[in-house]
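Please read them beside the sequence and the 3D view.

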Amino acid sequence: MKASRYISWKHHFICLFLLGSIFPFFASAGADDSLIVASDLLRIKNVVDLQVKPDGSELAYAVKGIVADTAKHAGFRYETTWYVNKIASSARAEPLKGDLQFTQILYSRDGRRWAIGKDSNKRAQLFSFPAGGQPSLQVTTLAQGLGTVRFSPDGSKVLLSSSYSLGDLAKSKDFNAAGMLPPWASEKPGDRNHASLLGEPGQEDPDGNVAGINAYLKHDEREGIAKVTNKLQFQTENSTTGEIRFTHWYILDLAAKTQPMPLTQGFRSYSGAEFLGNNQVLLSVETENGLHPDRVVSTDLVLLDLDSRKRETILSDSIHRYQVAAVSASGKWVAVNRGRQNSLTVGELYLYNAQNWKGFSLAVDRSLTNVQFSPDEKSVYFIASDRGGRTINRADLKTGIIRTLSSVEEGIGEYWVNGQKAFFTKTTFANPSELYRADANFKNAVVISDINSGWLSEKNIGIAQKNNFRNDKGLEVDYWLLKPANYQKGKRYPLLVEIHGGPASMFGPADASMWHEYQYFRARGYAVLFSNPRGSSGYGEAFLKANFKDWGAGPSRDVLEAVDRSLATGTVDSAQLFITGGSYGAYLTTWILAHDSRFRAASSQRGVYDLYVFFGSANVWPMLKRYFDGFPWEKGTRDILLAQSPTSYAEQINTPLLIFHGEQDNRTGPVQSDFLYKQLKYLGRQTEYVRHPGADHEITRSGNVGQRLDQLLRTYEFFERYRH
């Protein structure tokens with residue numbers, strides 16, 4: 001059979017096979033039922049929140065899964081279920097039943113149980129949620145709804161955040177009681193002294209005076225006929241908006257059962273608030289420097305005394321963003337994240353003695369998250385992204401000595417620890433998510449959930465093997481090779497090369513988002529290769545900066561070196577190489593295609609292909625300054641951006657390419673894919689373009705499930721057209 005006829009026949013057969021096997025009830029996709037199939041995506045569940053009673057006697061956790069609606073084609077929805085587990089009981093945790101549509105369960109430090117849920121107006125509010133079957137009780141009725149909750153050490157008070165638009169804040173009796181106007185210019189052309197905020201709505205009249213026309217145009221905006229913006233940062237992840245929003249905080253005295261009282265004021269956002277003892281609060285607030293909120297790059301750390309309402313600025317330099325990461329039980333120690341907005345750094349975690357605000361930075365060249373002090377206040381725990389894993393670590397507050405308590409071959413997520421025991425979630429190559437109990441050193445761990453392990457016990461799961469090499473900059477690059485299912489020594493298999501986004505992201509055993517895709521292609525007979533080329537996170541600041549002004553050539557050498565080393569194992573067929581990536585991974589995929597012809601076919605998803613256009617198409621446009629030290633109109637930058645753009649080399653791309661983009665993706669902008677597709681199509685290349693309506697940049701991680709399956713299956717089907 002001629003190759004072209006064979007490919008055409010195979011294409012139609014696979015399409016019929018896929019349609020018949022996955023819809024409507026996802027029948028078996030192969031002879032070996034132990035292998036991962038596409039529909040197993042619907043079976044994967046993840047622990048997405050973990051809360052533990054202060055004494056460790058009870059825990060609550062949320063499990064996010066997928067529910068099928070068989071009445072609709074590709075009809076699925078995400079569903080989150082909360083479980084409460086009495087640690088002293090041997091009974092399995094049971095899901096909460098009834099009409100308790102809570103989005104979170106919380107414990108105050110005095111051991112009481114609370115919840116955040118929706119009121120009759122669909123706004124989030126605080127509820128008491130006692131044990132023993134007693135009914136829940138709505139505690140707050142905040143007009144703008146509730147965001148974040150923080151309890152005082154004695155449980156007598158609670159901090160509550162709420163979000164306000166500029167218009168609502170200007171009229172708010174709580175957070176703008178004096179009726180002040182913003183001290184910064186609105187950036188609305190011709191709007192002198194914020195006249196647009198002061199004006200009373202007039203009578204609508206499109207044929208009347210300016211006041212009547214303004215009232216008419218405001219009505220247009222309310223009805224969605226027009227969107228008006230004067231913001232620099234007007235793109236959200238999946239839409240656009242001209243609205244400026246501010247986060248403010250209330251304090252509620254739970255013992256006195258009074259109404260929430262406003263704690264903050266003014267036209268700045270308070271991004272964080274934490275109790276320091278029972279009578280002081282630490283606040284992270286945008287620096288007051290006369291600039292529009294879109295242009296403020298720093299936050300200050302302010303200490304507020306609840307009795308006197310005296311404010312004291314603790315940390316401020318107009319350069320860094322200071323955010324409280326954790327406060328010890330007595331309030332003696334405070335952990336503070338210090339970072340620079342739009343800078344290519346890993347950030348720093350400072351530990352301060354709150355008595356004198358003298359502190360030191362933890363000597364860890366990694367991004368640190370999930371900080372917790374030990375109950376005895378002798379140490380601090382934190383999660384570090386490290387070489388493909390996420391490790392739990394403990395630092396001694398007296399000596400600064402750090403001990404890593406888990407392996408880089410797994411990913412620790414949520415955790416809680418006291419002097420005797422720990423609870424935590426974990427991701428591995430064998431299982432995307434389970435909940436564990438261990439001792440205080442995170443040893444002797446036992447799994448206490450069964451959200452994936454049950455159905456996975458019947459599945460053939462592959463474990464990727466880790467390798468590394470030194471690149472031309474002397475940096476150690478990690479890569480993993482996952483052999484195909486039913487691998488036979490001496491036989492060569494197709495290879496799928498996967499490239500991560502970011503660029504400051506990381507593949508490895510800690511990444512649950514790619515778990516299903518890796519196992520699916522393995523089951524279909526592909527070896528799967530993924531790596532962390534220069535510019536990835538998890539390897540320190542020098543590694544992170546190694547792709548500065550070099551998004552293409554340097555990182556591609558790292559990826560292709562991993563390919564060459566995989567070929568040398570004898571596992572891979574050099575004539576059957578395929579490549580795919582999303583976001584920055586799509587960028588690097590197409591860069592490689594323009595400079596290397598070894599791949600039979602490729603797929604790029606929601607990518608960046610023209611860095612000059614990126615400034616206007618994406619809501620993450622400040623990345624241009626971070627990685628290329630300038631913007632398109634600045635001297636020298638335009639040439640760098642064009643030289644670093646795959647679209648500049650479209651004529652050199654001859655590999656068949658499948659392009660995906662969500663139509664609501666403002667992280668990169670679908671115009672990026674429009675541009676590349678038109679170039680390749682005009683040049684007569686083998687290219688196909690798939691747009692997913694309503695999808696944003698998170699489509700493959702948390703997007704519409706039907707579209708997630710569609711993208712996976714279309715990628716596989718496209719590659720099969722060129723596989724032999």
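1. Basis. This is a predicted model, in which local features need pLDDT of at least 70 and side-chain atom pairs count only at pLDDT 80 or more, while totals for chains, interfaces and linings use all residues. Residues are numbered from 1 along each chain as its sequence is written, and side-chain values use heavy atoms, with hydrogens and water left out.

2. The eight-stranded sheet. An open sheet with mixed pairing is built from 8 strands in the order β29-β30-β32-β31-β33-β34-β35-β36. On average, neighbouring strands are turned by 20° against each other, direction ignored. Strands here are DSSP runs (E, at least two residues) and helices are runs of H or I of at least four, numbered from the N terminus; two strands pair if DSSP finds at least two bridges between them.

3. Strand β35 (residues 657-662) runs parallel to β36, joined by 6 bridges, and Ile659 of the model stands opposite Tyr689 in β36. Helix α9 (residues 584-595) packs on the sheet and touches β31, β33, β34 and β35. Helix α15 (residues 705-722) also packs there, touching β31, β33, β34, β35 and β36. Contact means heavy atoms within 4.5 Å.

4. The helix pair. Helix α8 (residues 553-567) packs against α9 at an angle of about 85°, with the axes 10 Å apart. That makes α8 roughly perpendicular to α9 (a term for angles of 65 to 115 degrees). Axes are lines fitted to C-alpha atoms, for helices over the stretch in contact, and angles run from 0 to 180 degrees between N-to-C directions. Among the contacting residues are Val559 and Leu560 of α8 and Leu588 and Trp591 of α9.

5. Salt bridges. The structure holds 34 salt bridges, each a side-chain nitrogen of Lys or Arg within 4 Å of a carboxyl oxygen of Asp or Glu. One of them joins Asp386 to Arg387, with the closest N and O atoms 3.0 Å apart. Asp386 is buried, at 11% relative accessible area, whereas Arg387 is partly exposed at 36%. Buried means under 20% relative accessible area, exposed over 50%, and partly exposed in between (1.4 Å probe, protein chains only). Glu237, Arg667, Glu698 and Arg701 are linked in a network of salt bridges.

Note on methods. Angles under 35 degrees count as roughly parallel, over 145 as roughly antiparallel, 65 to 115 as roughly perpendicular and the rest as oblique.
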